[in-house]
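Colleague: Could you walk me through this model before I start looking at it in detail?
Modeller: Gladly, have it open while we talk.

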Amino acid sequence: MKYAKIRKEGKWPLTISNTWSTTKLFINEEVPEIVEFKKSLIAGIESGTVDRFAETPSQMMSQSYGSSQYTPQQIFMHNSEIMPLRKIVQLPQETKCVTIVNTIKVKPAKYGWYYLTCFKCPKQCFGEAPPYKCGDQHETQTEILRYKLDVEVGDGQAKATFVFWDRECEQLIGKSALVLRSEMLADGIHDPLDYPEDIDLIAGKTLAVKVKWQPKWKTGSVIQINQADDFINEITSQFPPTDVSCIWRLYFMYLIILYFFSLELADSCKLSYLLCFFFFFCRFLKDWSRLLLRN
Ligand SMILES: [Zn+2]
């Protein structure tokens, strides 16, 4: 753990929190330091220098590893509603949703593509030169750059603006805001409102997005993204069917029945029409049942 604030046990139980901007938390990864730590723990228990207050080191560590019993998918979908974008934009109250969107383009924002953040709290800092001050008057001496991008997203039926924050932007662009800014400065571009080309890497992607919809601002604040195809397919399959597709199938069924009864058909044709009818009927029933369950 890097840059963690560890408060000793005393009046309160032992706590570990981050310092907002620089902590990385690895869960169940083969991090060399952790492997080394496990080894030394076992050695410590064996030699008696570490109290054996748990049977095994893994048991000792399991308490802090509680969340890893969930799959990434479950964590992604936790506490949120799976729904298509066209439903999200109609929500009357703040809601956490999981949806699939295409990123269309980055919309220019008043303050540009990045902002300065406070080293003590997650707020934005202001000022032309250091010390930069946040709303709580904390003073920050160095520039801590964070991406913040307004992105137009759509799903073919609806469009909306989602705010992508630092982690997700870095994930999609492949470099940090600091690196991108220093590349621009090296190219002699000093205007913070000038959007570098790399920013366009955000556009044209299909993403699974966990987002907090804020009806007050008519925007979604992105919490997490995932680009994996299986992930995207799984979420798409959980969308409720559109009323339109249900009606379409009904219409097809009607057409097929019409053909079936009004035409003199060869037996082989009849069979294929019957199969067609059966197929649409099944899909219709499936959609209808999902619609009824949903409403
Ligand atoms: Zn602050």
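Colleague: What kind of model is it, and how many helices and strands does the protein chain have?
Modeller: It is a predicted model, and its protein chain has 9 helices and 12 strands. Buried residues account for 16% of the 295 residues in the chain, while 57% of the contacts between residues at least 6 apart in sequence join residues at least 24 apart.

Colleague: Which residues have the most contacts inside the largest nonpolar core?
Modeller: That core has 32 residues, and those with the most contacts inside it are Leu149, Phe162, Phe164, Cys169, Ile202, Ala208 and Val209. Among the elements giving it two or more residues are strands E9 (145-154), E10 (159-165), E11 (206-214) and E12 (219-226), along with helices H5 (166-173) and H6 (177-186). E11 supplies the largest share of this core, with 5 residues.

Colleague: And what does Cys169 touch?
Modeller: Leaving aside residues up to four places away in sequence, Cys169 touches Tyr147, Leu149, Phe164 and Ile202. There is also a second, separate core of 5 residues, which includes Leu116, Cys118, Cys125 and Cys134.

Colleague: Back to E12, then: is its pairing with E11 parallel or antiparallel?
Modeller: E11 and E12 pair in the antiparallel sense over 7 bridges, and Lys210 has Gln224 in E12 as its bridge partner. The two strands form a hairpin with 4 residues between them, and in the turn Lys218 has a positive phi of about 55°.

Colleague: In which sense do E10 and E12 pair?
Modeller: E10 and E12 pair in the parallel sense, over 3 bridges. Here the bridge partner of Phe162 is Gly220 in E12, and Phe162 is also one of the residues with the most contacts inside the largest core.

Colleague: Changing topic, which residues of H5 are buried?
Modeller: In H5 the buried residues are Glu168, Cys169, Leu172 and Ile173. Because they cover an arc of only 120° around the axis, they lie on the same side of H5.

Colleague: Which residue follows H5, and what is its phi?
Modeller: Gly174 follows H5, and the phi of Gly174 is positive, near 90°.

Note on methods:
Residues numbered from 1 in each chain as written. Predicted model: local features only at pLDDT ≥ 70, side-chain atom pairs only at ≥ 80, totals over all residues. Core = buried A, V, L, I, M, F, W, Y, C linked by C-beta atoms within 7 Å. Buried ≥ 20, exposed ≤ 12 C-beta atoms within 10 Å, placed from the backbone. Contact = placed C-beta atoms within 7 Å. Pairing = 2+ DSSP bridges. Arc of directions from axis to C-beta.
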